[in-house]
Amino acid sequence: MKILLKNLDVLALPPERKIGLTVEEGAEVWIQEDEADFKEREISMTLKPGAHVNWMTYARSNERKDTKTFHLEEGAQLDYFHHVLGTSEDRVTVNLEGNESRVFSQTLFFGQDSEKQSFQVNHVHKGKNTRSKMISRGAVKDSATSHFFGNITMQPGCSGADGSLEEHNLLLSSGSKIEAVPALEVHHDEVQASHSATLERIDDEKLFYLQSRGLPQREALELMVEGFFCDALQKCPNLAFSERIFKDILLCL
């Protein structure tokens, strides 16, 4: 299925396994991708010069596989907010082909029981003076495992490009596991690129402190998880959307 998007379009993605999207020049559009009843999907999108896309996803299903490829032409902007609960395999590639193109991508994930999650996000700078920022923030409990591979690639000729990558991870159980792999591939001198990764566990002392102030253990844990996800959830342009996701995370606790 191929779809042409025009200025001020709001699209809920149709339940198709393969979708090609084109955003016309200078258009600003909003896309919402909610749970689907199929396990595998492939999506490609081309943003024409000056186009701006706000993309929000929420996947809460098992054994799903999702592949997305974005092509940003001159001056195009992509703001991508990806939220996953449950077993999932996701691949996202953003090609910043046009000069002055920009992407902000944020992946928020939560795993429980024996769920397995795998994420691969790649920002590829090709045009000059391109900008990218990649953030991941995830938590796991029980025996769940998550793997997040974030990569920023600076191709030859992308003078003035600037890319940054942050990965933040929280372990809620001793048997849970998160592998955070930030990577940079730099093939040009006149660029800026940075990456960082953090991994923390629930602090027993902080949990005890909150309980000593009268909070039940569950409420204290919820408060700490809320603090961990709060900044990421507030970045999402649809607060009702992010509140729904956080409520589902609390139910998983």
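## Tour: an acidic patch and an aromatic cluster

Start by selecting Asp-203, in the loop between β17 (192–201) and α1 (204–212). Keep in mind that this is a predicted model. Check the exposure of Asp-203: the residue is partly exposed, with a relative accessible area of 30%. That label applies because partly exposed covers the range between buried, under 20%, and exposed, over 50%.

Together with Asp-203 they form a negative surface patch. Colour by charge to see the four acidic side chains of this patch: Glu-200, Asp-203, Asp-204 and Glu-205.

Next, the aromatic residues. The model has eight aromatic pairs. Take one of them: select Trp-55 and Phe-70, an edge-to-face pair. Their centres are 5.3 Å apart, with 90° between the planes. Trp-55 sits in strand β6 (residues 52–57) and Phe-70 in strand β8 (residues 64–72). The two are 15 residues apart, so the pair links distant parts of the chain. Trp-55 and Phe-70 are both buried.

Trp-55 and Tyr-80 make a tilted pair, 6.1 Å centre to centre and 55° between the planes. Tyr-80 belongs to strand β9 (residues 77–85), while Trp-55 is in strand β6. Tyr-80 is buried, as is Trp-55.

Last stop: show Trp-55, Phe-70 and Tyr-80 together. They form one aromatic cluster.

Notes. Residues are numbered from 1 along each chain as its sequence is written. This is a predicted model: local features need pLDDT of at least 70, side-chain atom pairs count only at pLDDT 80 or more; totals for chains, interfaces and linings use all residues. Side-chain values use heavy atoms; hydrogens and water are left out. Patches are made of residues with over 30% relative accessible area and no salt bridge: like charges are joined within 9 Å, nonpolar side chains (Val, Leu, Ile, Met, Phe, Trp, Tyr) within 5 Å. Accessible areas come from the Shrake-Rupley method with a 1.4 Å probe; for residues, only the protein chains shown count as cover. Lys and Arg count as positive and Asp and Glu as negative; His and the chain ends are not counted. The place of a charge is taken as NZ of Lys, CZ of Arg, CG of Asp or CD of Glu. Helices (H or I, at least four residues) and strands (E, at least two) are DSSP runs, numbered from the N terminus. Buried means under 20% relative accessible area, exposed over 50%, partly exposed in between (1.4 Å probe, protein chains only). Rings of Phe, Tyr and Trp (its six-membered ring) pair if their centres lie within 6.5 Å; planes under 30 degrees apart count as stacked, over 60 as edge-to-face and the rest as tilted.
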